[in-house]
Structure formats: C-alpha cells, structure tokens
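Here is a short tour of one protein model. Please keep the sequence and the 3D view open while reading.

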Amino acid sequence: MVKNDRIPPKDIKEVILGDHELSINEVIAVARYGAKVSFTEKYYHRIKQSRRLIEKFLDEERAVYGVTTGFGSNVSEVISKDDAQTLQRNIVRSHAVSVGETLEKEIVRAIQLMILNNLGHGFSGVRVEIVELIAALLNQDVLPFVPGDGSVAYLSPEAHMALVLMGEGKAWYKGELLNGHEALECAGLKPLIFECKEGLALISGTTSVTAISVLALYNAIQAVKTADIAGAMSLESLKGTINALDPRLHSVKKHEEQAKTARIVANILDESEITEKYRDYRLQDALSIRCIPQVHGAVKKVFKNTLENMLNEMNSSSDNPIIWPEEDDGIALMGGNFDASFIGIDADTMCIAMANLAKITERRIDRLVNYHVSELPNFLVANQGLNNGYMIPQYTAAGLLNEIRVLTHPATIDNTSTCANQEDVVSFAYFATKKAYQISKKLEYIIAIELMAATQALDFHEPAKPSPVTASVHRLIRSQVPTVKEDRYFYFDMETIYNQIHEGEIVALVEEKIGDMEI
C-alpha cells in the first residue's frame, strides 16, 4: 500500500486505512482538501476481532473499566450488562461540555480521521458500524458542531462529535446547522445506539490533540521552508553577503539542519546578479541576515523531533482500556495511554521554535522598510511622505509577533486535578496544540509580509537581475500583487501571499527548481 507521504495533500483523493501507517500528508488531504476515507480488509478484521472479545468480556461480566464499571472515580461502581447501552449513552452526553467558538472545519475532520485511525488498530472493541458511520460523515461532508474551549486533553470535543453518531447534538450539512438526527437523515444516514465500550472508545485518547498538532506542524513546516525563501530574497535585496553561507563555515558546527539551510539559501540565490555584485559590499551583515542558517536550522530541528513523536502517536492506540487478544481469549489492560504528554510537550516546544522564526522574520521586515539600514527608499515606496508605503505592515508583523510571544507560554507545565483527584495529573496538551495551531497561522502572515516587502525591494534593483529562483517567486507574487507606486488597501495583498504560503504554492515553485527543501 502506498504511504502517500511524498504525494502533495491536494493530489491525494482517497485515504485507505488499514495496511500502512497514516502519514501527515494524508491527514491534511482529508482534513483540508476533502479526500475520501475507506478501509482495507485488515482494518475490518481487526475491528471485528476486537469487538468479539469485548462482547465476550461483557457476557462473562468481567471487571473491565468502562464496560462493567463506571468512569473516572466511579470505577468502583459495578454496572450490570443490562445497562451497557445506557452507560455508553450517558458518558457521551455528560462529557459533551466544551464551550465557546466552534473548532474550524479542518480541525474537526482531522480529529474524526484520528478517531478512525485509533479505533482501526483493533484494541478498542467497537463495532464496524461505528467506524463506517464516522467515515460516512467525512465522505458526505456532515460536520459535527464542536465547541472548542475547555478541554484538558481529550473527552469533550470528541463527545460533541459522538453525539451526532447517536442522532443528537448538532451538525452542519450543506451549509445549514441542523440537529444531529436531521443532519444524518438529510445525508441518507441513520443514527446508532452505542453498545458496550463504544461511547468510551470514541472520546478517550489523544485523537484531538494529535489532530490539531498535525495541522500545526504541517503549517509550521511550510512556514520554515517559505522563510528560507523569504530570507534569501531579503538577503538579496538588502545587498547581503553570501559569504556567510560558505559551507566551510557551517561544517564546523555539528548541526546538519544549519548546513542544509545554508545550502538551500545558497541554491536559491545561485546566479543572482544582485548577490554577486554585493558579495563583498559589507564585511558582515546584521544577525537577522547572517544567522538565517543558524536560527532557521534550529527551528527545523525542533520540527523534525516533533514529527517523529507525532508519527508515533498518530499510529499508536491511545485508548483505555486496551483490548488485548491472547489466542482464543484476551484481556482488558487498564492504563493511561490516553495521556497526551508526548504531543503536548512537543506542541509547547514547537510554539517556542515558531516564535523564534517569527522574531528573526520580523527583524528582516524592519530592515527592508527602514531606509536607515536598507539603502532603499523609505518604506519601499516613491514619494515618501505623500505615500506611507509599507510602513504599517511592519506594525502588523510586530503585533502578530506580540501575540505569538504571549501564546508561547507553555501549557503543559500547569496542573489542575480533575475527577475527584482520580485524575490528579493532567497534561493540558489540548491548549498546547491549539496554541501551536494559532501561532502557525500568525507565523505564515509574518512571512507573507516579508515576502511582500522583499518582492517590492527587488523592484528597486532593476536592471540588475535577481536569481532565477527568486525571480520566479517574484513573478508568482506579482501575478496577483502589483508593484506599489502609491498607497492602496494592502489587506488583500497580504491575504493573497498568505494563501500562497498556506497552500504550498511558493514552496512547490522553488522545489521544482532546486529540489526538496527537506527540514
């Protein structure tokens, strides 16, 4: 089975779960671009085998958490098998208590996919009907209504989604917000009555935090690659020296991400008349130009570490209990696989890395628009005074950077006990990942502002030619964002370039010319 990890998400039309490990590109394909979801025979086999065991445990009235017992600190309460359906219905209803603004569509879809992947490992004990209905919601674009605030790491957002499977809660269908039963009926689907273990399996695990962190990391990787391009254009337009990219310099620092970044920026600037003209113009540049390989490289290292842990989490079973098969029987293993510390700590660290990338990017923006250091027209526009040019977009970058710095405070170092102190250590990974997701988009906007300013700055170097690579990026941006000759409404310019970053257009264009810009 093809893993799809090298195929651009836009080009993935179907994700088939069951025979391979889910890739980050497949998550983006389903969440952002509406790829369909289906299952292999191995996936179905694992689901059925696990279900057989959980029904056996119930028939024998074994002591199994959440099957024949209550939940949380109610674990000591014995539940009759006659109440199995009521127990599972009640856990979903009682846990659907997140509040506030709803989660974005791509987040909800990513969580649904994570739930399917988690259940498909065959350690959760749900029926085939459950996973088929979740897949049908994805494939028919029935979007559960999911308030996004107030989760400690799991349970509440997932419970809002599970309500729709029962025909309760709310969901969007064809742009209309309906109650759960109506939404299913309009899509030709029928609600389910949850059997033993199913309500618990649908809400317990790291599915929401993993889904959000995948989206954040994908954005972040696109951002750091684009930052290499934007940084190269800034170096070029600010008469920077490429001597700081000398491979001998980077060979004595034992961080491969630094050396790779220096090579990438050098490749982007290859054959630039501007860069060659100013190679020895200064002995050395300001740190925001000179230290691109060091700072960008350090950020990439964090993202690489995060990616490794994230792929492990994506392809793990995070349920509790785990239904473990043993020959013709099995055992329910009670533990804490739902804990999201791996993802949460990585998300907090990713926030710090993105803040550092935003910091150096904003400083380059300031140098581009500041005639005291740029040797370019003030604020990159003719008729200064009458025109403000790019004076205020730098303010926007500064404001976004301030927001990022506040959001960078780690969430996972906090602790508030829950469930009558039964759950006395809480990861708070959910907000860590939400912060990372928010920061990733703010970072893309800051990089968009740098690209906007660097593109304008290159215009002032004519007739000297930029590198073929930066020239192609310049043409792409100029195809939608004209040269600024007098002040205009810049919002659409910034949104346009942001979308070019977010959709991967700029990175794809450059990678066609210099190869994979791997982190």
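## Overall build

The model is predicted. The protein contains 21 helices and nine strands. Its radius of gyration is 26 Å, close to the 24 Å that the globule rule gives for 519 residues, so the protein is as compact as a globular protein of that length. The C-alpha trace spans about 80 × 50 × 45 Å along its principal axes. Of the 519 residues, 58% are buried.

## Pockets and cavities

Rolling a probe the size of a water molecule over the atoms shows where empty space is left.

| Space | Volume |
|---|---|
| Largest pocket | about 900 Å³ |
| Second largest pocket | about 650 Å³ |
| Largest cavity | about 70 Å³ |
| Second largest cavity | about 50 Å³ |

Start with the largest pocket, at about 900 Å³. It is lined by 27 residues, and Asp5, Arg6, Asn25, Lys225 and Asp516 are the closest to its centre. By class, the lining of the largest pocket has eleven nonpolar, four polar and twelve charged residues.

The second largest pocket has 28 lining residues. Tyr65, Gly72, Tyr154, Phe338 and Glu423 lie nearest its centre. Here the lining divides into 15 nonpolar, eleven polar and two charged residues.

How many cavities of 30 Å³ or more does the structure hold? There are four. Gln112, Ile115, Ile134, Leu137, Glu158, Met161, Ala162, Leu165 and Leu202 line the largest cavity. At least two lining residues come from each of α4 (105–119), α5 (128–139) and α6 (156–165). The largest share is that of α6, with four residues. Seven residues of this lining are nonpolar, one is polar and one is charged.

The most come from α4, which gives three. The lining of the second largest cavity is made of two nonpolar, seven polar and one charged residues.

## Aromatic rings

A pair of aromatic rings is described by the distance of the centres and the angle of the planes. The count comes to eleven aromatic pairs. Why is the pair of Tyr491 and Phe492 edge-to-face? The ring centres are 5.3 Å apart and the planes stand at 75 degrees, so the pair is over the 60 degrees needed for that class. Tyr491 is partly exposed, at 40% relative accessible area. Phe492 is also partly exposed, at 49%.

Elsewhere, ring pairs join Phe39, Tyr43 and Tyr44 into a cluster. Lys170 meets an aromatic ring through its charge. Its charged end sits over the ring of Phe145, 4.2 Å from the ring centre.

## A residue in α2

Lys42 belongs to helix α2 (residues 41–59). With a relative accessibility of 53%, Lys42 is exposed. Along the chain, Lys42 and Gly120 are 78 residues apart, while their C-alpha atoms are separated by 9.1 Å.

## Backbone details

Two cis peptide bonds can be looked up in the model. One joins Asn320 and Pro321, with omega about 0 degrees. Pro321 is in the loop between α14 and β8 (322–326). Another joins Glu462 and Pro463, with omega about 15 degrees. Pro463 is in the loop between α18 (429–459) and α19 (468–478).

Next come positive phi angles. Glu327 is not a glycine, yet its phi is positive, at about 55 degrees. Glu327 is placed in the loop between β8 and β9 (329–333). Phe428 also has a positive phi, near 55 degrees, and is a residue other than glycine. Phe428 is located in the loop between α17 (391–407) and α18.

Which of these residues is buried or exposed? Glu327 is exposed, because its relative accessible area of 82% is over 50%. Phe428 is buried, because its 17% is under 20%.

Conventions: Residues are numbered from 1 along each chain as its sequence is written. This is a predicted model: local features need pLDDT of at least 70, side-chain atom pairs count only at pLDDT 80 or more; totals for chains, interfaces and linings use all residues. Side-chain values use heavy atoms; hydrogens and water are left out. On a 1 Å grid over the protein atoms alone, a cavity is a set of points where a 1.4 Å probe fits but cannot get out, and a pocket is an open set with protein on both sides within 12 Å along at least five of seven lines; lining residues have an atom within 4 Å of a point. Grid points are joined across faces, edges and corners, and a volume is the space filled by probe spheres set on the points. Ala, Val, Leu, Ile, Met, Phe, Trp, Tyr, Cys and Pro count as nonpolar, Asp, Glu, Lys and Arg as charged, and the others, Gly among them, as polar. Rings of Phe, Tyr and Trp (its six-membered ring) pair if their centres lie within 6.5 Å; planes under 30 degrees apart count as stacked, over 60 as edge-to-face and the rest as tilted. Buried means under 20% relative accessible area, exposed over 50%, partly exposed in between (1.4 Å probe, protein chains only). A charge sits over a ring if NZ of Lys or CZ of Arg is within 6 Å of the ring centre and within 35 degrees of the ring normal. The radius of gyration is taken over C-alpha atoms; the globule rule is 2.2 Å times the number of residues to the power 0.38.
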